[in-house]
There are 6 protein chains.
Amino acid sequence: MATVWMNELSWVDYQARITSEQPPVFLPVGALEQHGPHLPLGTDGLLSAAVAADAAALVGGLVAPTLSYGYKSQPKCGGGQHFCGTTSVDAATLIGSVRDAVREFARHGLKRLVILNGHYENQWFLIEGIDLGLRDIGPQGTLEVMRLEYWDFMTESTLADVFPEGFPGFALEHAAVLETSMMLHYHPSLVRMDLLPEDVTPNFPPYEMYPIRTDWVPPSGVLSSARGSDAAKGSLLAREVAQRIAAAIRSGFKS
Amino acid sequence: MATVWMNELSWVDYQARITSEQPPVFLPVGALEQHGPHLPLGTDGLLSAAVAADAAALVGGLVAPTLSYGYKSQPKCGGGQHFCGTTSVDAATLIGSVRDAVREFARHGLKRLVILNGHYENQWFLIEGIDLGLRDIGPQGTLEVMRLEYWDFMTESTLADVFPEGFPGFALEHAAVLETSMMLHYHPSLVRMDLLPEDVTPNFPPYEMYPIRTDWVPPSGVLSSARGSDAAKGSLLAREVAQRIAAAIRSGFKS
Amino acid sequence: MATVWMNELSWVDYQARITSEQPPVFLPVGALEQHGPHLPLGTDGLLSAAVAADAAALVGGLVAPTLSYGYKSQPKCGGGQHFCGTTSVDAATLIGSVRDAVREFARHGLKRLVILNGHYENQWFLIEGIDLGLRDIGPQGTLEVMRLEYWDFMTESTLADVFPEGFPGFALEHAAVLETSMMLHYHPSLVRMDLLPEDVTPNFPPYEMYPIRTDWVPPSGVLSSARGSDAAKGSLLAREVAQRIAAAIRSGFKS
Amino acid sequence: MATVWMNELSWVDYQARITSEQPPVFLPVGALEQHGPHLPLGTDGLLSAAVAADAAALVGGLVAPTLSYGYKSQPKCGGGQHFCGTTSVDAATLIGSVRDAVREFARHGLKRLVILNGHYENQWFLIEGIDLGLRDIGPQGTLEVMRLEYWDFMTESTLADVFPEGFPGFALEHAAVLETSMMLHYHPSLVRMDLLPEDVTPNFPPYEMYPIRTDWVPPSGVLSSARGSDAAKGSLLAREVAQRIAAAIRSGFKS
Amino acid sequence: MATVWMNELSWVDYQARITSEQPPVFLPVGALEQHGPHLPLGTDGLLSAAVAADAAALVGGLVAPTLSYGYKSQPKCGGGQHFCGTTSVDAATLIGSVRDAVREFARHGLKRLVILNGHYENQWFLIEGIDLGLRDIGPQGTLEVMRLEYWDFMTESTLADVFPEGFPGFALEHAAVLETSMMLHYHPSLVRMDLLPEDVTPNFPPYEMYPIRTDWVPPSGVLSSARGSDAAKGSLLAREVAQRIAAAIRSGFKS
Amino acid sequence: MATVWMNELSWVDYQARITSEQPPVFLPVGALEQHGPHLPLGTDGLLSAAVAADAAALVGGLVAPTLSYGYKSQPKCGGGQHFCGTTSVDAATLIGSVRDAVREFARHGLKRLVILNGHYENQWFLIEGIDLGLRDIGPQGTLEVMRLEYWDFMTESTLADVFPEGFPGFALEHAAVLETSMMLHYHPSLVRMDLLPEDVTPNFPPYEMYPIRTDWVPPSGVLSSARGSDAAKGSLLAREVAQRIAAAIRSGFKS
């Protein structure tokens, strides 16, 4: 079976694929960011690449190398930039990385680019990068770009299964049940369930302060409990997400 | 009674205020963006300035001139950039505007800056602007910045009053009941309730496409019904928001 | 009578105007800058917006929201950046703001954009912003941009009336008779004639020093006497400027 | 045995390592670039990460996620930007990625950062990124950065073994014996020795032309023969490079 | 006698001068811009360097290499960008060139930098470059920068001698009597008095249009008559300017 | 005989040349950088301009004003940024200077631009500037750009003559025999052979450290001996380089 990883193809094989099949190409975007004591720093990149690979396999797509460094972590969604190990980029860098990618894939003759985001803070800089990349290409360009956060493809019904006591919402889902379960599915050896911190629910006010109030954030970096995570839930989520992304790709592009 | 508008003060009066009272200064950030046939293009800037003025009056603060041009409108939150009249800025411009403001207010000796956002798409570029501004100032700086979207200060209880049939969520609240009611409270002459479009609920998929799918967006630009808007609701919301922002300012800053 | 303020129009009304009448749109550009003890910090933005509104009324034009933050104040024309309250932007920010505006108004299908400047220091960054905006649009674009400083529309004859003892020249006219008189005409409640400082005429050498020599600048920030300012002079100036700008617009554009 | 991959560590473990051992952290930098019909597009990133991992294992270091997109391919060293599949970034993007990384690792308290380059075209943009990152940190910073191209650690003696008929020099060593042998050592399944193109030696003049002269470059993208490549040579080279880099790290840093 | 040209000194001699004498260093800034049929494209750079050399000789200063490319030519002061041969830079480039120079001369330990401008359009971008360079250096820096346009050192009395029928003002003095006379003094072989165009006085309105109205500008590019230029006038002007700049340097710096 | 210096031509003459002969235009790029105690700071700019003038004379070309400030000096090729007198620019500035030049010469209708580099560190930023300039021009542009380092036109045979004991390679040829001989040919009065420092051969490791290890570099700044330099060698080298560049220009462009 052919690889989905673009960087493992020779340019000759890649060109043949682009010419004959017009595969969608996925660009996973992650982060290097604290995810508590039980998940690795690379969680967002690992999950976005894994989801992209699963979806690519379903639609005959390819996965380009992950953008592994994401936008600066914010207290309410990722804990904040004060954690050791969190390694982030300025807006201009992330915007430029995406802008360049859009311009280059258009040069290849690609028709369908899927920017698959796994780090909440990245979203708006991806939007700007895509907009500027398409501006560079000009109105004659034929590349279409789909942008998505993979968790938006989880259905309410599945979330109800995963959270029998009620889904607390995506707001504090950092290093919590969804990410931990999916990591247990995809990369079980990188998860340390024995190191789950005490449950502490931060009580964020409806505003933000800069410089960041580090005392608002639990010292562990975990914003919501990961208790109850397991590989079966991860598998359920991963399968649903990949299948629904595949469906979106089949129907969402014009070409 | 003293004005809250910074641009109406002489520098001598401003300096006296900064020296003696250390007032919080509000920087409202809006947009020039379609808001359906019944609301004006300047809605986001008008509301953020009005809310800022009300909150400033409660805490002895000042309101700096509004940043009137916001980040590019997106289909799911503002209808998209294809509407005539929507006039937006690139990320770099908005980031620069905020960065410069942070650096300048710090030079004034200000201790408390409140960046009050009224346009959903602005949020992450404000964050970057604040971060870079504080980086410019350096670790010795004494300016603290509060950043907020004003609608996050509406309580569930008030939203329940405003939406007796259930609050549909902030997701599609563009040119809908909240904004329309607040405009009827603050700027009734600018609202044309007789021009409310037919209710059409767009059915957005969990991803976005670029170039933008203009056919996903109702031709009116309204994403959710504004029916039921009235000035009383606007007054209720405006009062609550101003009071709760004032409370946040009293307790949220270190200085 | 229809409003001239673009931000008070709905997008539907704006589009109808653009389509049917091709009105000129004015973009006022000001500053938040010390103007002595007798004039407010927002003088430049207030005056450029007021002049734009008067001229727009004469030609059926519209006025877009003011760019309220200008380029850094220089000692010889605005007193310098050391004054508390002066709140300025870097060149890149002002250039970007204008570039984005040019690109957006071109997208609307506008044919005539008038960038009306009220802060001397802005001029060259407006030029660069216009140039880059037109570069973005490309040679096929049909938008023409007029750029002007409003005081250049005062005739010698009127200046002779306003200054019976001889017009001292625009060089030191910061917070002096012209601006003060026009503020007395447009915003009398914001002028404090009782606080006019002692007349001190700075004696600038034919070069500039950086870091700025704050001792070259009168502590009041006033570079030339405002004595003799009155609303009648302001009215005379305002009327002449608006009428002559209107005439320029009628004859100056190709379309 | 502990992992060398930083993205597989939790932030807690990473912080513990930084605090107790001050490990060197490697940042591999590659490219997504044509490497002939026999090597994959990701060759430069795969090799720089593999070499980094080997060297890290020898010195107790860690390897951060690879920067997988490199500077634009040039005809004489990488074939040129006209190849389908080559996916490159602008100078500003690569400079920004490195600048941000330097600033972030310094924030972690890291003392030794090793930027290990595997794509010839990247070199000068890495230098600028490091310089600007160190400028951001300021003269009080304690982070030292080592920058290297891994092939510079091959000794003449080993090159003489690998090229019994004489080492032709690094100039045209793109997708040739060194890279192919090292890929056969590290990633044999990604090498297609059966697809080696006919040997064609391009005859480049001592200047470059832009737009690029695509006819100067062999259609295969291979600039020099890969014939004679084998895994044993790759192993020899890989071992030498890793050991000599390890030695450099032990002696080259001040701390 | 020692050279004034910095680029002719070895670094050892330059360092010795900086250490022992703290000479002022001049940075001339010119343009490559049409100057009518009788003056060369490099006039602004040639004159700013010549004036700098004369002034440097008087104060024991040095002259750094000229920035030979200036900001984009404008119709009212330089004819406009539509002339063949005019070769200009974007604002960001000129700002960057000056910013970098300020930062580098500060690193040398220089105390007195004189940025001597010979192209009207450059002025505000020099200001921004100096401001950003000093921001880079930080408040502890000891470099002072003087910025000047050389023509501002011409006295009214000398201008009265040069223009016996009255000085028409600097406004249209592009390729006219002042520049032509000074070129006849400094570089007579580059002046073609036999090619002076017919006198045509453009009649510019008090606004500017973009794209540029090329029909406003005389086809020769000359905005005002150069008739009456001669080397004696040039010598008079050159001597006065150099002496008065020298005096300014002696008294204008703090150190 | 007509001048080769573009800045000495009037725009009328320049335009006539461009229209009738389509001359190649050379853009020399140098640096202001320490070159030991015996060569001046401006060596790289002086040599690149001199070579350009010689080559231009052979092909009927013109020489535009030199870009006199180069990219930051590196220890292994120029000694490093710690030397007093070395005055360099950031990457963005050099890239912008070249990008703007490419765009402007294309506007002139030029077909052949030769960017002639005399400072090793500049190379990759010239490449990026050319690439971005051509991107600005778009695919319809007809300007071709040749980029070269002049020393690459020295033949092995000539190098064998110049170095009877064997050419040590270009690696350490900074302020050594090649540059010193060529300066003795072109600018003998600027060379101080009596000040040649003691021969010290630095022993650089195969990596670089940042902040720079100033102790790796000889205090004189000379990386390799200049002993044996003479004007005859310089003349030989200069003649060969100019003739071979001229030949390249005759055959290398499409138009």
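Q: If contact means heavy atoms within 4.5 Å, how many residues does the contact between chain A and chain D take from each side?

A: A friendly word before we count: this is a predicted model. The contact draws on 48 residues of chain A and 48 residues of chain D.

Q: Which surface does each copy use when chain A meets chain D?

A: The copies meet through the same surface, because 100% of the interface residues of chain A are also interface residues in chain D.

Q: What rotation superposes chain A on chain D?

A: A rotation of 180° does it, with 0.0 Å of shift along the axis and an RMSD of 0.0 Å. That is the relation of a two-fold axis. To find the axis in your viewer, go to Thr93(A): of the residues of chain A, its C-alpha comes closest to the rotation axis, at 2.8 Å.

Q: What about charged pairs across this interface: how many salt bridges are there between chain A and chain D?

A: The general idea is that side chains of opposite charge can pair when their charged atoms come close. Between chain A and chain D the count is two salt bridges. In one salt bridge, the side chain of Arg103(A) meets that of Asp90(D), at 3.0 Å from N to O. Looking at polar contacts, there are 30 residue pairs between chain A and chain D, with both residues at pLDDT 80 or more. Two elements of chain A give two or more residues to the side that touches chain D: helix H1 (11-21) and helix H4 (91-108). The largest share of that side, nine residues, comes from H4(A).

Q: Where can I see a salt bridge inside one chain, for example between Asp131(A) and Arg135(A)?

A: Their side chains meet at 3.8 Å, N to O. Both residues sit in helix H5 (residues 123-137) of chain A, and because they are four residues apart there, about one helical turn separates them. Over all chains, a search of the whole structure finds 96 salt bridges.

Q: Now the sheets. In what order do the strands of the sheet that includes S5(E) run?

A: Strands of a sheet pair through backbone hydrogen bonds, either parallel or antiparallel. This open sheet has five strands in the order S2(C)-S1(C)-S3(C)-S4(C)-S5(E), with mixed pairing. At its edges are strand S2 (62-63) of chain C and strand S5 (208-210) of chain E, each pairing on one side only. Strand S1 (residues 25-29) of chain C pairs with S2(C) in the parallel sense over two bridges. Val25(C) stands opposite Leu62(C) in S2(C). Helix H2 (residues 43-59) of chain C packs on the sheet and touches S1, S2 and strand S3 (112-117) of chain C, with its direction at about 165° to that of S1(C).

Q: Which strands make up the open sheet that includes S5(A)?

A: There the order is S5(A)-S4(B)-S3(B)-S1(B)-S2(B), an open sheet of five strands, again with mixed pairing. Strand S5 (208-210) of chain A and strand S2 (62-63) of chain B are the edge strands. Strand S1 (residues 25-29) of chain B and S2(B) pair in the parallel sense over two bridges, and Phe26(B) stands opposite Val63(B) in S2(B).

Technical notes
Residues numbered from 1 in each chain as written. Chains lettered and ligands numbered in written order. Predicted model: local features only at pLDDT ≥ 70, side-chain atom pairs only at ≥ 80, totals over all residues. Heavy atoms only, no water. Pairing = 2+ DSSP bridges. Contact = heavy atoms within 4.5 Å. Axes fitted to C-alpha atoms, helices over the stretch in contact; angles between N-to-C directions. Least-squares fit on C-alpha atoms with pLDDT ≥ 70 in both. Salt bridge = Lys/Arg side-chain N within 4 Å of Asp/Glu carboxyl O. Polar contact = N/O pair within 3.5 Å; in protein donor to acceptor, adjacent residues only side chain to side chain.
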